[in-house]
Amino acid sequence: MTGPRRLQALDDSPEAVRRRTPVRRLWYAAYGSNMHLDRLTAYLAGGRPAGGLRSYPGCRDPRGPTRMAPVMLPGLLYFATTSDVWTGGRAFYDPDAAPARGGRPELPSCAYLLTLSQFSDIVAQEMHREPGEDLDLSEAVTRGRARTGPGRYETLVCAGTLDGYPVLTFTAPWSSQDIAMNAPSAAYLRHIAAGIVASHGWSARRAAAYLAGCPGAEGHWTATEIAALLTGPP
């Protein structure tokens, strides 16, 4: 398996912005349980993911991603608040996390090439809303950031471009320094770890060691315990 694809920085020149807008197709950079295609499929086609407590209506366009690519997002993965789907902490992305001793943090992500309507419907379902309305991504792909609301997954981040398409994800409006951490559940970690292994080709041990070091999981889960989730019963 090849290594992660490197993103190109956003070009804010008028010509580059004109080429990117309006957005009709984009890469959705998943970093939580949606890294696992089985879990993402519940958003696309509808249904309940394994280990989850909620069923989803699905997208207007239920087809699978056109393409998938491993990417590294600059920033930090952490777990906070409480999920009503998984019962533990939710995964969030802090793109502005301060560099640690080992350099600026990066998190493994799986990028899915989707249509605007698919991405918009995934965001709606994350916020427990009915899908059906396209998001205006102009500000996000022009400035790199846009808040569509105050909710936990209503801040859009454009991390760059890949093969000419913008790479977008969503996270909370707060910083990892501004909220209490909360340990994720076993079912949630299993989906994230499986997604990292499948998309990046990491060993179960490497993926588990990475997740065990993320704020929220650190001190509550060991790498051995997380790795065992990938081999044990669902």
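Aspartate 61 is buried, with a relative accessible area of 13%; buried means under 20%, exposed over 50% and partly exposed in between, with a 1.4 Å probe and protein chains only. The model is predicted, so local features need pLDDT of at least 70 and side-chain atom pairs count only at pLDDT 80 or more, while totals for chains, interfaces and linings use all residues. Residues are numbered from 1 along each chain as its sequence is written, and side-chain values use heavy atoms, with hydrogens and water left out.

**Aspartate 61**
- Aspartate 61 sits in the loop between α2 and β2 (68-74); helices (H or I, at least four residues) and strands (E, at least two) are DSSP runs, numbered from the N terminus.
- Leaving aside neighbours within four places in sequence, aspartate 61 is in contact (heavy atoms within 4.5 Å) with Leu44, Thr115, Ser117 and Gln118.

**Glycine 160**
- Glycine 160 belongs to strand β7 (residues 155-162) and is buried, with a relative accessible area of 0%.
- From glycine 160 to arginine 6 the C-alpha distance is 9.3 Å, although they are 154 residues apart in sequence.
- Beyond its neighbours within four places in sequence, glycine 160 is in contact with Gln8, Leu10, Tyr165, Pro166 and Val167.

**Helices and strands at the cavity**
- Each of β1 (25-30), α2 (37-44), β4 (90-94), α3 (116-126) and β8 (165-171) supplies at least two residues of the lining of the largest cavity.
- The most comes from β1, with three residues.
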